[in-house]
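Please look through the structure below with its sequence at hand, and then read the notes that follow, which are grouped by topic.

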Amino acid sequence: MISYMELNEQNHKITELSNVLSYLINERSMCDTEVSCELFFRYVELVKEHLETEERELYQLLLMDDDNDARNTGRKFLSGSGEIKRVFGQYLKRWCKGKELRIRDHEAFIRDTREIFALVIRRIDDEIVHLYPTLLNNGHLPMKAQAA
């Protein structure tokens, strides 16, 4: 099972990449560099992996909890995860082809990308404030990874 510390590390990496990419995408010529593309697709994979890990390991625990508030938190985050995946998928369909960025309108790309970054950051904030404390308080989330 994933730990609180591992989830926070994932969130930190996602946040760090979104901050770096927010800076890089301002300059049109930077969007086409191999380094920027590598960072962009690393961000995409980290976000997808984070959402999948939470769905696979966390929500079911809350949905089966005896506490009604915990079940409601699980439902809310599961529903939100589906919506984020939908919006993220539409974004990727518009701006990517395979592992390449396809930017025809730089200003629209910046706007859409900032909206995606903001959506993911809001989600991370909600996890920190609502999801993780509920999991910790109900004994569903270890603080640190278990020794193998």
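Phe40 touches Leu21, Tyr91, Leu92, Cys96 and Leu101, where residues up to four places away in sequence are not counted and contact means heavy atoms within 4.5 Å. This is a predicted model, in which local features need pLDDT of at least 70 and side-chain atom pairs count only at pLDDT 80 or more, while totals for chains, interfaces and linings use all residues. Residues are numbered from 1 along each chain as its sequence is written, and side-chain values use heavy atoms, with hydrogens and water left out.

**Nonpolar cores**

- A nonpolar core is a set of buried Ala, Val, Leu, Ile, Met, Phe, Trp, Tyr and Cys residues joined through side-chain atoms within 4.5 Å, and buried means under 20% relative accessible area, exposed over 50%, and partly exposed in between (1.4 Å probe, protein chains only).
- The largest nonpolar core has 30 residues, and Phe40, Tyr43, Leu101 and Phe109 are those with the most contacts inside it.
- Two or more residues of this core come from each of α1 (4-24), α3, α4 (68-95) and α5 (106-137), where helices (H or I, at least four residues) and strands (E, at least two) are DSSP runs numbered from the N terminus.
- Helix α3 gives the most to this core, with 9 residues.
- A second, separate core of 11 residues includes Leu7, Leu62, Leu131 and Tyr132.

**Around Phe41**

- Phe41 lies in helix α3, which covers residues 34-63, and with a relative accessible area of 9% Phe41 is buried.
- Apart from neighbours within four places in sequence, Phe41 is in contact with Cys96, Gly98, Lys99, Glu100 and Leu101.

**Salt bridges**

- Side chains of opposite charge can pair when their charged atoms come close.
- The structure holds 11 salt bridges, each being a side-chain nitrogen of Lys or Arg within 4 Å of a carboxyl oxygen of Asp or Glu.
- One of them joins the side chains of Lys99 and Glu45 (3.5 Å, N to O), and this pair links distant parts of the chain, since Lys99 is in the loop between β1 (96-97) and β2 (100-101) while Glu45 is in helix α3, 54 residues apart.
- Lys99 is exposed, with a relative accessible area of 54%, whereas Glu45 is partly exposed at 38%.
- Arg123 forms a salt bridge with Glu127, with the closest N and O atoms 3.4 Å apart, and the two are separated by about one helical turn because they are 4 residues apart in helix α5.
- Arg123 counts as buried at 8% relative accessibility, and Glu127 counts as buried at 0%.
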